[in-house]
Amino acid sequence: MNAFGWLIFLGSNAFVIGLTAVCFIRVFSSGEHMHAPLDIDTRDMDEPSPDRPDEW
């Protein structure tokens, strides 16, 4: 790989790692307690409806 290829490779990797770091810093420094709700309805325990046999 020539020098221009290495430049593109290192630049794109630095961009992705930098963007990931910025996102992590913003999330962890927000001071807000983020969590998923406890009442997520996954509908995995529901009975299939008789008029839709292809539902399962």
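Phenylalanine 9 is partly exposed, with a relative accessible area of 38%; the label covers values between buried (under 20%) and exposed (over 50%), with a 1.4 Å probe and protein chains only. This is a predicted model, where local features need pLDDT of at least 70, side-chain atom pairs count only at pLDDT 80 or more, and totals for chains, interfaces and linings use all residues. Residues are numbered from 1 along each chain as its sequence is written, and side-chain values use heavy atoms, leaving out hydrogens and water.

Let's compare notes on two residues:

| Residue | Relative accessibility |
|---|---|
| Tryptophan 6 | 42% |
| Phenylalanine 9 | 38% |

Tryptophan 6 sits in helix 1, residues 3–28. Tryptophan 6 and phenylalanine 9 are three residues apart in helix 1, so about one helical turn separates them.

How many aromatic pairs does the structure hold? There are two aromatic pairs. In one, the ring centres of tryptophan 6 and phenylalanine 9 lie 5.6 Å apart with planes at 85°, so the pair is edge-to-face. Rings of Phe, Tyr and Trp (its six-membered ring) pair with centres within 6.5 Å; planes under 30 degrees apart are stacked, over 60 edge-to-face, the rest tilted.

Across the chain of 56 residues, 2% count as buried.

Definitions and conventions
Helices (H or I, at least four residues) and strands (E, at least two) are DSSP runs, numbered from the N terminus.
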